[in-house]
Amino acid sequence: MRIGPELLQDLLDRVEGSLAAAIGTPDGLLVEGVRKRPLDLEAAIAEHAALWRQARAAYARSLGAEEVGELLVGGTAW
């Protein structure tokens with residue numbers, strides 16, 4: 001299954017309060033994204049990738065796991 005703009009738009013429409021939905025690479029490059037208002041998704045994906053790398057290592061250490069495979073990040077816009 002390919003995740004494209006139609007699927008991301010459906011996700012954006014279904015999640016109450018969402019502002020954007022995006023897919024990025026582990027290196028922080030935006031692959032695909034949709035927005036409800038102007039947002040810098042390129043910067044958000046880059047920041048999320050950096051956060052992911054740091055959190056993944058910290059959680060693996062604290063959990064005594066070799067690797068953490070998933071991390072969900074949510075937020076609220078005021």
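Is S18 buried or exposed? S18 is buried, with a relative accessible area of 12%; buried denotes under 20% relative accessible area and exposed over 50%, with partly exposed in between (1.4 Å probe, protein chains only).

The model is predicted: local features need pLDDT of at least 70, side-chain atom pairs count only at pLDDT 80 or more, and totals for chains, interfaces and linings use all residues. Residues are numbered from 1 along each chain as its sequence is written, and side-chain values use heavy atoms, with hydrogens and water left out.

The chain contains 2 helices and 2 strands, in the sequence pattern α-β-β-α. These elements are DSSP runs (helices: H or I, at least four residues; strands: E, at least two), numbered from the N terminus.

| Element | Residues |
|---|---|
| α1 | 5-14 |
| β1 | 20-24 |
| β2 | 30-35 |
| α2 | 41-63 |

S18 lies in the loop between α1 and β1. A polar atom of its side chain is 2.8 Å from the backbone oxygen of V15. Beyond neighbours within four places in sequence, S18 is in contact (heavy atoms within 4.5 Å) with L12 and K36.

The buried residues in α2 are L41, I45, A49, W52, A55 and A60, and their cover includes β1 and β2. G64 follows α2 and has a positive phi, near 70 degrees.

Of the 78 residues of the chain, 19% count as buried.

Definitions and conventions. The expected span of a helix is 1.5 Å times one less than its number of residues. A polar contact is a pair of N or O atoms within 3.5 Å; within protein, one must be able to donate a hydrogen and the other to accept it, and residues adjacent in sequence count only if both atoms are side-chain atoms.
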